[in-house]
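Let's get to know this one through a few quick questions. Have a look at it first, then read on.

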Amino acid sequence: MSAQRSAQPAPGKSAPDSTRRSEKSRRAIYDAALALVVEVGYPKTTIEGIAARAGVGKQTIYRWWSSKADVLMEAFLDLAERSQQEASAEPVSYTFPDTGDIAADLKTVLRATVDELRDPRFEAPSRALAAEGVVNEQLGRELVAKLLQPSLDLYMDRLRAAQAAGQVREGLDLRIALEFFISPLAQRWLQHTGPISHEYTDTLVDYALHGLAPR
């Protein structure tokens, strides 16, 4: 009886909130993973290092994730969601705007992408993961599947709607058309070949939709 009694909370005190404790640990792990991949790079980031930085046991990490790649990608998605929540009082919506004007909608989304890529919280971990994904094929495929592909699918859905509305020519390979918007921006950002700005992405949209030949 004495052992059972000692395990009960003291009078006037509530039992620890395991949900709150788990969320605190998860947040510490996210922050530690993002910080380490910036400081030491992806290859030298380890589960042990993340655990030590976060102040948790590595078994805690393995209970929630199977690899450091999974930790980092979830941490990155969480960072993106928190940033969107901070930027807007509205609930986070994972949809592509459809105002009926494909040019305006593309410009809106690409401007938001520029803002995210220039956000210091995103830029360093994004570059670290993207750079490693170039030389590490398995990681690169995981990054595309888990981080990039969901966004590409939204672009594709919007382009199909524009095509159905007669704003995009029939018969186009929309996956190739999509690259006119996102690939130049990604290259310029990753390789520092030029500045990225709202004006730049607006121009990408105009060139992609109207072409380079005289009208």
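Q: What share of the 215 residues of the protein counts as buried?
A: Here, buried means under 20% relative accessible area, exposed means over 50%, and partly exposed is in between (1.4 Å probe, protein chains only). This is a predicted model, where local features need pLDDT of at least 70, side-chain atom pairs count only at pLDDT 80 or more, and totals for chains, interfaces and linings use all residues. Residues are numbered from 1 along each chain as its sequence is written, and side-chain values use heavy atoms, leaving out hydrogens and water. Of the 215 residues, the buried share is 35%.

Q: How many helices and strands does the secondary structure of the protein come to?
A: Helices (H or I, at least four residues) and strands (E, at least two) are DSSP runs, numbered from the N terminus. From that end on, the elements read α-α-α-α-α-α-α-α-α-α. So going by those DSSP runs, the tally is 10 helices and zero strands.

Q: Why are Arg127 and Glu123 separated by about one helical turn?
A: Their side chains meet in a salt bridge too, at 3.2 Å from N to O. Arg127 is buried at 17% relative accessibility, while Glu123 is partly exposed at 27%. The one-turn separation comes about because they sit four residues apart in helix 7.

Q: Where are Glu137 and Arg141, which form a salt bridge?
A: The closest N and O atoms of this pair are 2.8 Å apart. Both residues are exposed. They are four residues apart, about one turn, and both lie in helix 8.

Definitions and conventions
A salt bridge is a side-chain nitrogen of Lys or Arg within 4 Å of a carboxyl oxygen of Asp or Glu.
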